[in-house]
Amino acid sequence: MSLGQQLAPHLPFLRRYARALTGSQQHGDNYVRAALQAILDAPDEFPRDVDPRLGLYRTFQAIFNSTDLGADDEIAQSDYEHVGNARLKTLQSQARQALLLTAMEGFAPEDAAHLLDVSTEEVKSLVEDALSEIERQTRTSVLIIEDEPMIAMDLEAIVRELGHSVTGVAVTRDEAVASAAETRPGLVLADIQLADDSSGIDAVADILKNITVPVIFITAFPERLLTGERPEPTFLITKPFQHATVRAAISQALFFDKQTAPA
């Protein structure tokens with residue numbers, strides 16, 4: 001199999017990485033093309049002692065970190081892309097690369113260390129620094145709509161462990177709407193079945209009439225929301241839940257939230 005055939009399956013993923021790194025598909029593609037040209041110009045210098053994907057990314061890294069191909073191009077982006085790119089750009093370049101290589105591209109820390117020409121421990125430290133900065137940027141206040149006290153306490157503990165504050169715990173639709181109007185939370189965690197047989201779905205609908213806020217539904221009745229019709233919630237967790245699942249959903253919801261995005 002030729003070198004080109006070995007590298008071809010990995011190019012879409014390299015383009016994804018380059019886009020996330022630069023904030024622009026066109027700008028990222030400039031670096032990808034430069035890396036491919038370097039390989040074409042000197043195929044004998046392509047690293048043969050590692051997996052082809054690792055060699056491809058290693059060549060890209062060398063080009064990216066040594067060549068300035070100009071400022072980001074202005075291209076149309078979705079709100080999610082714009083907010084995500086704004087957050088990533090606040091990170092120190094090497095920390096951003098370490099985070100994307102491990103979290104998005106799926107490289108083991110040892111392989112990311114090879115790509116960045118640092119130690120494995122340095123990669124882990126860079127990723128921790130990047131995650132800490134993102135958590136700092138997304139810190140907010142959270143309204144919990146949940147009528148089961150033990151579950152509400154559990155959710156409150158998770159929220160506080162992530163560095164967020166809790167504006168209140170509402171157990172009925174009316175309480176939830178009143179609390180949101182008074183405190184204007186940055187995130188809502190909502191159950192569906194509430195204490196007085198009112199609906200968390202209705203509570204969220206009322207809240208969203210007055211404020212724009214990301215919502216995560218946490219329920220034992222996901223079929224009430226996953227109806228196959230639109231709109232369906234972006235974030236839905238089924239009870240009983242794992243703490244890690246709730247933490248991940250909170251981080252994801254806030255990462256793409258325009259209200260806390262860097263200017």
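This is a predicted model: local features need pLDDT of at least 70, side-chain atom pairs count only at pLDDT 80 or more; totals for chains, interfaces and linings use all residues.
**A colleague's note on this structure**

1. Let's start with the overall make-up: 12 helices and five strands build this protein. Along the principal axes, the C-alpha atoms fill a box of roughly 75 × 35 × 35 Å. There are 263 residues in the protein, and 45% of them are buried. The exposed surface comes to about 13,500 Å², with carbon and sulfur atoms supplying 51% of it. As for contacts between residues at least 6 apart in sequence, 70% join residues at least 24 apart.

2. Skip its neighbours within four places in sequence, and phenylalanine 60 is still in contact with Leu14, Tyr17, Ala18, Leu21, Gly28, Tyr31, Val32 and Ala35.

3. Now have a look at glutamine 97, which sits in helix α6. Is glutamine 97 buried or exposed? With a relative accessible area of 2%, glutamine 97 counts as buried, because the cut-off for buried is under 20%. Beyond its neighbours within four places in sequence, glutamine 97 is in contact with Tyr17, Leu21, Gln61, Phe64, Asn65 and Leu116.

4. On to the strands. β1 covers residues 141-145, and five of its five residues are buried. Side chains in a regular strand alternate between the two faces of the sheet. In β1, Ser141, Leu143 and Ile145 point one way while Val142 and Ile144 point the other way, and all are buried.

5. Which strands does β1 pair with? One is β2 (residues 165-170), which runs parallel to β1 and is joined to it by five bridges. Serine 141 stands opposite serine 165 in β2. Another is β3 (residues 187-190), which pairs with β1 in the parallel sense over four bridges. There, leucine 143 has valine 188 as its bridge partner. Tracing the chain, you'll also find that β1, helix α9 (residues 149-161) and β2 make a right-handed β-α-β unit.

6. Isoleucine 207 belongs to helix α11 (residues 200-210). Its relative accessible area is 4%, so isoleucine 207 is buried. Not counting residues up to four places away in sequence, isoleucine 207 touches Leu143, Ile145, Ala176, Val177, Ala180 and Val213. For a sense of distance, isoleucine 207 and glycine 4 lie 54 Å apart in space, C-alpha to C-alpha, and 203 residues apart in sequence.

7. Helix α12 (residues 243-255) has 13 residues. From its first C-alpha to its last, α12 reaches 18 Å, close to the 18 Å expected at 1.5 Å a residue. Its buried residues include Val246, Ala249, Ile250, Ala253, Leu254 and Phe255. Residues three or four places apart in an α-helix point the same way, because there are 3.6 residues a turn.

8. Finally, some backbone spots to check. Most residues other than glycine have a negative phi, and most peptide bonds are trans. Lysine 239 and proline 240, however, are joined by a cis peptide bond, with omega about -10 degrees. Proline 240 lies in the loop between β5 (235-238) and α12.

9. Aspartate 117 has a positive value, near 60 degrees, and is not a glycine. This aspartate is in the loop between α7 and α8, and at 62% relative accessibility it counts as exposed. Arginine 184, not a glycine either, has a positive phi of about 50 degrees. You'll find arginine 184 in the loop between α10 (173-183) and β3; its relative accessible area is 52%, so arginine 184 is exposed.

Methods. Residues are numbered from 1 along each chain as its sequence is written. Side-chain values use heavy atoms; hydrogens and water are left out. Contact means heavy atoms within 4.5 Å. Buried means under 20% relative accessible area, exposed over 50%, partly exposed in between (1.4 Å probe, protein chains only). Helices (H or I, at least four residues) and strands (E, at least two) are DSSP runs, numbered from the N terminus. Two strands pair if DSSP finds at least two bridges between them. A crossover is right-handed if, with the strands pointing away from the viewer, the path from the first strand over the helix to the second runs clockwise. The expected span of a helix is 1.5 Å times one less than its number of residues. Accessible areas come from the Shrake-Rupley method with a 1.4 Å probe; for residues, only the protein chains shown count as cover.
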